[in-house]
Amino acid sequence: MLTYQDQRRIEAELAPPEPHSFATVVSVAPAGLTLIFDGETVATNKLYKYNKSITFAVNDRVKVIKISGTYIVEYPIN
């Protein structure tokens, strides 16, 4: 019989990778970016972590990836 941890590890290995998302920057703050994800009509209330080595601006289209349940803005695509 598999342990819970072994079952979760197997499920994680078999799960398809998280899809990449795209969004538009609504606001930029040192603590994070506010985004409107593709397919949405309203900006999120959450601030998302971002790659601090890149400068982001309002209305930038950006690539967002989900890593371990956390969305991170990688880079602008426009």
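The legends below describe close-up views of a predicted model.

Residue numbers start from 1 in each chain as its sequence is written, and side-chain values rest on heavy atoms, with hydrogens and water left out. Because the model is predicted, local features need pLDDT of at least 70 and side-chain atom pairs count only at pLDDT 80 or more, while totals for chains, interfaces and linings use all residues.

View 1. Strands (E, DSSP runs of at least two residues, numbered from the N terminus) are treated as paired if DSSP finds at least two bridges between them. Strand E1 (residues 21–29) is antiparallel to strand E4 (residues 61–67), with 4 bridges between the two. E1 also runs antiparallel to E2, joined by 6 bridges. A hairpin is formed by E1 and E2, with 2 residues between them.

**View 2. Residues facing each other across the strands.** Thr24 lies opposite Arg61 in E4 and opposite Ile36 in E2. Ala23 has Phe37 of E2 as its opposite residue.

View 3. Thr34 counts as buried because its relative accessible area is 12%. Its side chain makes a polar contact of 2.9 Å with the side chain of Ser27 (a pair of N or O atoms within 3.5 Å; within protein, one must be able to donate a hydrogen and the other to accept it, and residues adjacent in sequence count only if both atoms are side-chain atoms). Leaving aside residues up to four places away in sequence, Thr34 is in contact (heavy atoms within 4.5 Å) with residues including Thr24, Val25, Ala43 and Leu47.

**View 4. Ile77 beyond strand E5.** Ile77 lies in the segment after strand E5 (70–76). Ile77 is classed as partly exposed because its relative accessibility is 37%.

Conventions:
Buried means under 20% relative accessible area, exposed over 50%, partly exposed in between (1.4 Å probe, protein chains only).
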